[in-house]
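Here are my notes on the model you sent. Please read them with the coordinates open.

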Amino acid sequence: MTPTRTIQAFIDAKKENSTPSEEVWNALKGYRQWNEPELIGLRNASGFYPEIYFEPGMDETISRLLAKFKEKVVPHKF
């Protein structure tokens, strides 16, 4: 399951007042390997569904991962 589909499946389950599937939870556990846009999407989803953060300190971990992406951006002059 792709990260984008994982987040969407979580949101869909919550909108239907059901529990996200085991597949969704297993895919969420791999968030440390996700790319920057997916991590931003995960953070945005947590604003509406805070229970998407399933482990303590997850927001701080995401912040550190996003900071690493930002470090990779090389400034350049035109």
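This is a predicted model: local features need pLDDT of at least 70, side-chain atom pairs count only at pLDDT 80 or more; totals for chains, interfaces and linings use all residues.

The points below go from the overall fold to the core and then to the aromatic rings.

1. The protein chain has four helices and zero strands. From the N terminus, its elements therefore read α-α-α-α under the DSSP assignment. The C-alpha trace spans about 50 × 25 × 20 Å along its principal axes.

2. **Burial and surface.** The protein chain has 78 residues, and 31% of them count as buried.

3. **Contact range.** Take the contacts between residues at least 6 apart in sequence: 49% of them join residues at least 24 apart.

4. **Charges.** There are 11 positive and 11 negative charges in the protein chain. Their mean positions lie 7 Å apart.

5. **Nonpolar core.** Nonpolar side chains tend to be buried together in soluble globular proteins. Here the largest nonpolar core holds 17 residues. Leu-28, Tyr-31, Trp-34, Leu-39, Leu-42 and Ile-62 touch the most other members. Which helices supply this core? Helix H1 (3-15), helix H2 (22-28), helix H3 (36-48) and helix H4 (58-72) each give at least two residues.

6. **Ile-62.** Ile-62 is then in contact with Tyr-31, Leu-39, Leu-42, Arg-43 and Tyr-53.

7. **Aromatic pairs.** How many aromatic pairs does a search of the whole structure find? The count is three. One of them joins Trp-25 and Phe-54, with ring centres 6.2 Å apart. Their planes meet at 85 degrees, so this pair is edge-to-face. Trp-25 sits in helix H2 and Phe-54 in the loop between H3 and H4, so the pair links parts of the chain 29 residues apart.

8. **Phe-54 and Tyr-31.** Phe-54 is partly exposed, at a relative accessible area of 29%. Phe-54 also pairs with Tyr-31: the centres are 6.2 Å apart and the planes at 85 degrees, so this pair too is edge-to-face. Tyr-31 lies in the loop between H2 and H3, 23 residues from Phe-54 in the loop between H3 and H4. Is Tyr-31 buried or exposed? Tyr-31 counts as buried because its relative accessibility is 0%, and the cut-off for buried is under 20%.

9. **Cluster.** Phe-10, Trp-25, Tyr-31 and Phe-54 form one aromatic cluster. Tyr-31 deserves a look in both contexts: it is in this cluster and among the core residues with the most member contacts.

Conventions: Residues are numbered from 1 along each chain as its sequence is written. Side-chain values use heavy atoms; hydrogens and water are left out. Buried means under 20% relative accessible area, exposed over 50%, partly exposed in between (1.4 Å probe, protein chains only). Contact means heavy atoms within 4.5 Å. Lys and Arg count as positive and Asp and Glu as negative; His and the chain ends are not counted. The place of a charge is taken as NZ of Lys, CZ of Arg, CG of Asp or CD of Glu. A nonpolar core is a set of buried Ala, Val, Leu, Ile, Met, Phe, Trp, Tyr and Cys residues joined through side-chain atoms within 4.5 Å. Rings of Phe, Tyr and Trp (its six-membered ring) pair if their centres lie within 6.5 Å; planes under 30 degrees apart count as stacked, over 60 as edge-to-face and the rest as tilted. Lists of a residue's contacts leave out its neighbours within four places in sequence.
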